Amino acid sequence: MSSTMIHPVEPVRLLPDAMLGALAGGNSRYEKALGDLGGVYRDQLAYRAALDADDGEPAYWVESSTLDEDDGALTVGVSSVRPGRIGDEFAMTRGHIHARHDCAELYYGLSGHGVMLMETLDGESRAVEITPGVAIHVPGRWIHRSVNVGAELLTTLFCYPTTAGQDYDVIGEAGGMRMLVVGDSTDGWTLRENTDHTEYRR
Ligand SMILES: [Fe+2]
């Protein structure tokens, strides 16, 4: 007779406001500094100027909890994007499509003001505002990235199938996403077509 070990499942807790963007019970963290984001922003002069003035703090970071790699397992975490602009573009994550294209993801706004920019491989674009209490269902087959269009830290709770995987190259190989999230004349945000964009090759 074989014995089965049952792993205790620790609760995943969001920490209070003083530690916005932190997760209790997480077992993975990664962060990206501005210097890791070469090619993400279209305005290279503005990017280099921002690098010269950079304080070395992460531009965004992700803390998550993954309990196992089984088919059907979920990864739950918190993503945090610092505010800022590089040229006209607002601060953002690299963005990705799931390596398993059919895998969806749920985001839930915790703090700040953002936009979830989503595009399909064949030409659809959507931008959905993220504010506290708003849930965003990113279906499978949509490239997605978080953009901070506010003045505060943008934090979102997310949940996706652990086996989804992330393909981060899909955007860079196409010269960026089809749409850019840029400032408008009233301190808000708007979308502008990215003239560097070529079609996605996947
Ligand atoms: Fe994702």
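**Salt bridges and cysteines**

Trainee: What does Arg82 count as, going by relative accessibility?

Mentor: This is a predicted model, and in it Arg82 counts as partly exposed, because its relative accessibility is 28%.

Trainee: Which side chain does Arg82 meet in a salt bridge?

Mentor: Arg82 pairs with Asp55, and the N to O distance in that salt bridge is 3.0 Å. Arg82 sits in the loop between β5 (74-81) and β6 (85-86), while Asp55 belongs to the loop between α1 and β4 (60-66), so the pair links distant parts of the chain, 27 residues apart. Asp55 is also partly exposed, with a relative accessibility of 47%.

Trainee: How many salt bridges turn up in the whole structure?

Mentor: A search of the whole structure gives 11 salt bridges. Behind such contacts is the general point that side chains of opposite charge can pair when their charged atoms come close.

Trainee: What about Asp196, which side chain does it meet?

Mentor: Asp196 meets Arg42 in a salt bridge, at 3.1 Å from N to O. Since Asp196 lies in the segment after β17 (189-193) and Arg42 in the loop between β3 (28-32) and α1 (44-52), the pair ties together parts that are 154 residues apart in sequence. As for accessibility, Asp196 is partly exposed at 39%, and Arg42 is partly exposed at 25%.

Trainee: And where are Asp88 and Arg192 in the chain?

Mentor: Asp88 is in the loop between β6 and β7 (89-90), and Arg192 is in strand β17, so that this pair, 104 residues apart, again links distant parts of the chain. Their side chains form a salt bridge of 2.9 Å, N to O. Asp88 has a relative accessibility of 38% and counts as partly exposed, and Arg192, at 39%, counts as partly exposed too.

Trainee: Which residues are linked in a network?

Mentor: Arg29, Glu31 and Glu63 are joined in a network of salt bridges.

Trainee: Changing topic, how many disulfides does the structure hold?

Mentor: The structure holds zero disulfides. In general terms, a disulfide is a covalent bond between the sulfur atoms of two cysteines.

Trainee: Is Cys103 buried or exposed?

Mentor: Cys103 is buried, its relative accessible area being 7%, and the cut-off for that label is under 20%.

Trainee: And what is the relative accessible area of Cys159?

Mentor: For Cys159 the relative accessible area is 23%, and this residue is partly exposed.

Notes. Residues numbered from 1 in each chain as written. Predicted model: local features only at pLDDT ≥ 70, side-chain atom pairs only at ≥ 80, totals over all residues. Heavy atoms only, no water. Disulfide = S-S within 2.5 Å. Buried < 20%, exposed > 50% of the residue type's maximum accessible area, 1.4 Å probe, protein only. Salt bridge = Lys/Arg side-chain N within 4 Å of Asp/Glu carboxyl O. Helix = DSSP H or I, 4+ residues; strand = E, 2+ residues; numbered from the N terminus.
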